[in-house]
Amino acid sequence: MQTIPASTRVLSNQPRSTRMFGSGSQVASGPAGVALRRAAVIVDSRSRRGIRGRVVTRAAQRPEPPRAFSTDLSDNKNLESLMEREAQPAVQTEADLKQKQAEARANQPDNNYPVTTGQLIGSTPLLNLSQYSLNEKVKIFAKCEYLNPSGSIKDRIAQHIIGQAEASGELKPGMKVVAATSGNTGAAIAMACALRGCDYIVITNEKTSKEKVDAMRAYGGEVIVSPSGVAPDHPDHYQNIEDRLCAENPGTYYGVDQYNNPYNAEAYEATLGPEIWRQTSGDVTHFVAGGSTGGTVSGTGRYLKSENADVRVVMADPKGSVFWDHVVKGVSADNVCVSKSWEMEGVGKDSIPGCFDINVIDGMVRGNDEDAFAMCREVAANDGLLLGGSAGLNLHAARVLSGEVDDGSVIVTVFPDNGVKYLSKIYNDSWLESKGLEGAAEGNGAVSPDVDEKEHESRIHWKPEIVTRQEQTAAAAASAAAAVEGHHLLTEEQTEAELKFLEDIAPKLVRYHRESIGGAERVHSRLQSPDDLAETFAAAGVPLDLADGAPVDELALDAAVQAVMDNSVRSSHPLFLNQLYSGVDPVALAGDWLASALNANVHTFEVAPVLTEIEKAVLAKTARMWLQPLGSAAQTPPHDGLIVPGGSLANMYSLLLARDRVDPDARNRGTSMELVAFCSEQSHYSFRKSAMVMGIGMDNMVKVKCDADGAMIAEELEKEVLAAKERGAVPFYVGTTAGSTVLGAYDDYHGCADVCKRHGLWMHVDGAWGGAAALSPARRGVLDGFEKADSFCWNPHKMLGLPLQCSIFVTKQPGSLAKANAAKADYLFQPDKNNAGADLGDRTIQCGRKADALKIWLSWKHRGDKGWSDMVDRSFGLAEEVERMILERENRDGSFVLAANAQCANVGFWYVPPRLRPFKYAGASANQLTEIGFVAPKLKDRMQREGDAMIGFQPIDSMNLPNFFRLVLPNSRHLSKQMLSDMLDRMDEMGKNL
């Protein structure tokens, strides 16, 4: 099915039957199913002051006289391109109209081609009838479905049902179409059959107007008129006649069965719903429609709720119809019965049809014949529109609804057919009088009191789960008042249940950690997409979304905890080698739990005295580790520092201090200089992001060339500094790296420091990953010269395995952090309070600060310097062992090839499937490099699905290295040489057929 969107223009100077579209060389023809026609625009209904007076609702004043708006279809080439275009803004003023018409004339091509009848279906205008709203801040729009070619909304389902029946083979050439109808579907089916050249029989009842019966016959088929008011199970009921005819003529008659045919509601879900959503730009809040088959309200409502679950669907129902009892009173579909007859046609029912989806309905409005017909007469007199009775009922219901919904609501309803079909009834005073509906004639415009100004049974009945605005307000007020009563918000029983949950969860978490480090479990429980995870949690009874907001008990909480553990990656598994962190130190984990239990903010000493001093102790230890030889007995060197939330922010703190040194006024007025900073092309991306956040600009964070090992070349750094000066910029900062993310490279700190000294630049060492080498007497040499830097950071949560996150930033200049960052919040940092000088908070760019220092302090107390040194040595040593294993396999069978030497705790390699062996990087062709680059992603996918080791991969374009595995070995306390060797063997086995 295809739709022509609201952006499409309709020629305004041609009759509807010859409106044209397209600029191609052939007449476009629609596909099977529902083909939709012209532009769908919002038009205003305007009233005139007449001799009979006019009706003005209490809420809205009537605007100017009515004007018909239309636009041009000529700038579109085919239906598919039309579907892809977005709707243009609704036409609502004369100025808008003139602009649209001018655009249409400018875009009109030389040739136009007429549309087919089928292409006239759908994309009906949206009429603005907000003058009927009881609240001037609530809009009412109506879809003009009477503009479909047979004169009703039923053209949508007729084309779709017949088209689908043809496509599926249910309706074969030569078969006769049979349809039971209350009127409009009959004419629509007759038209659809006429377009296809097939015979039809439509069965209606005596209640149907003469005009509609004549329309059914006019297309050349047979019309059967059955008695009106017979029971649904009576053989002469029009639906039963359809069933009987088809049963008696198998293979030659095709029964439409519109009341139970799923294609009925599907037609509206595919066309009417999307049109309403597009024409209102997604602002629709309520949809109102009556029901006979139930297809319109069900299909349209279903689509609108798929776009926004908060859209409310309200069904209008004639008094006496069975829908009311079924929805409101809960009477089963088998037990409903008509309580009284009604005169409206095409709305209401004597049985519950299969098309009706009660789950879509949120509320009901009941109206009688007088309500509907008076509304028809009122609209005719004041807005020049002749509406059918079901349209009158829908507008009546929308009007009632407008008085109860929130300001800003947008109500959309439908006008299923035109009043021309009811001239002998609704618009005939004698007929109204004969039915005892004289009051409806008073809707001629002279008098028609507002719904809320008279006694009337029309009210919105919401489903119990739908809470009205007034109920929400009252409930919120009562809840707020109750919340302040009593000694505690929760009862003692509730509090004790929560504490018991906490007691029970602790051993479960310990057990989870024990299982993870044991290595027997899968690294990844199972590979799942976001949708898969949503289904998994829903099946466990703990949906991921928080949409309903309902509380759950401790049993459900326990299930939620278990579901999270069961479906997460076990980062404490020895073979979780995917990132620069892995697992958790148990003692540090206890520190993390303790910090959370204390829940103290480390911004002021008065609320976190112990934690403040612990942080200072950790900073002092880090300063000694950085600036003094290991084991030195010298006093702690002067320093400043902070525990910060991650290495990225640590790097940004170094940039803040560097900027403050070169341009101290920037903190108040912003910088007026073109500052330029420098980092290695192998450095962490946080340098560039920090430049972006600080307003320096990512282009002004210059990447400096590296050598073959990935270390910054000091001579290249100086070239870039000089180039920046030559163009008038101000170099101010160099970010060096200790253990780059991919290659584990260490920069030339002596060479870089010399450049910084010559040019007056701040030098920072990002040791987030490899800075831990400073803890090891055997590995510290890779950091030679890093003590010359102005600042340094490292992340114990990486190589040491502390819980995320634990990052430390230190600088040589005491007081520099407060100078650069202080805002002197006087509600926190009062100079005359106790121990004011001990506060840490004004050094930071944050306010709230978790006590991350407690994790490393507690663990350092337990392990001592030797424990951390052993950890570093094990990680570095295992990386070198893997390098040896790769080289051994490379020489033995070519299954693995070294891509990057072991540096820090990193080693890079390619796995080579048998079909690509032998692979030699030196001298490899472009095709070989491309082929080898596909291997790592495919092999990793297999490993994840098996729950085996997780290893990262990436290319390095600057070094012309295609995708290779980057093996990193953080927190290697539970990892062994044998485990790594076995892992390589399994990779070879899994990848042999790649």
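Ser133 is buried, at 0% relative accessibility; buried means under 20% relative accessible area, exposed over 50%, and partly exposed in between, with a 1.4 Å probe and protein chains only. The residue lies in the loop between strand 4 (126-128) and strand 5 (139-144). Helices (H or I, at least four residues) and strands (E, at least two) are DSSP runs, numbered from the N terminus. The side chain of Ser133 reaches the backbone oxygen of Asn135 at 2.7 Å.

The model is predicted: local features need pLDDT of at least 70, side-chain atom pairs count only at pLDDT 80 or more, and totals for chains, interfaces and linings use all residues. Residues are numbered from 1 along each chain as its sequence is written, and side-chain values use heavy atoms, with hydrogens and water left out.

Strand 6 (176-180) is largely enclosed by the rest of the structure, because four of its five residues are buried. Strand 6 runs parallel to strand 7, and four bridges join them. Two strands pair if DSSP finds at least two bridges between them. Val178 stands opposite Ile201 in strand 7. Strand 6 also runs parallel to strand 9 (residues 253-255), with three bridges. Here Lys176 stands opposite Tyr253.

Helix 4 (residues 184-196) has 13 residues. From first C-alpha to last, helix 4 reaches 19 Å, close to the 18 Å expected at 1.5 Å a residue. The expected span is 1.5 Å times one less than the number of residues. Ten of the 13 residues of helix 4 are buried. Among them are Asn184, Thr185, Ile189 and Met191. The buried residues pack against helix 3 (155-168), strand 6, strand 7 (200-205) and helix 5 (210-218). Contact means heavy atoms within 4.5 Å. Gly197 follows helix 4 and has a positive phi, near 75°.

Phe501 lies in helix 16 (residues 492-518). Phe501 and Leu555 are 54 residues apart in sequence, and their C-alpha atoms are 8.6 Å apart in space. Leaving aside neighbours within four places in sequence, Phe501 is in contact with Glu554, Leu557, Asp558 and Val561.

Strand 16 pairs with strand 22 (residues 807-811) in the antiparallel sense, over five bridges. Val644 stands opposite Ser807 in strand 22.

Strand 24 (residues 906-911) and strand 26 (residues 961-968) run antiparallel, joined by four bridges. Phe909 has Phe965 in strand 26 as its bridge partner.

Asp948 lies in the loop between helix 28 (926-946) and strand 25 (950-956). Asp948 is buried, with a relative accessible area of 13%. Its side chain makes a polar contact of 2.7 Å with that of Arg986. A polar contact is a pair of N or O atoms within 3.5 Å; within protein, one must be able to donate a hydrogen and the other to accept it, and residues adjacent in sequence count only if both atoms are side-chain atoms.

The largest nonpolar core has 108 residues. Such a core is a set of buried Ala, Val, Leu, Ile, Met, Phe, Trp, Tyr and Cys residues joined through side-chain atoms within 4.5 Å. Trp794, Leu967, Leu980, Met983 and Met987 touch the most other members. Helix 27 (residues 853-892) gives the largest share, 13 residues. A second, separate core of 52 residues includes Leu171, Val213, Val297 and Val360.
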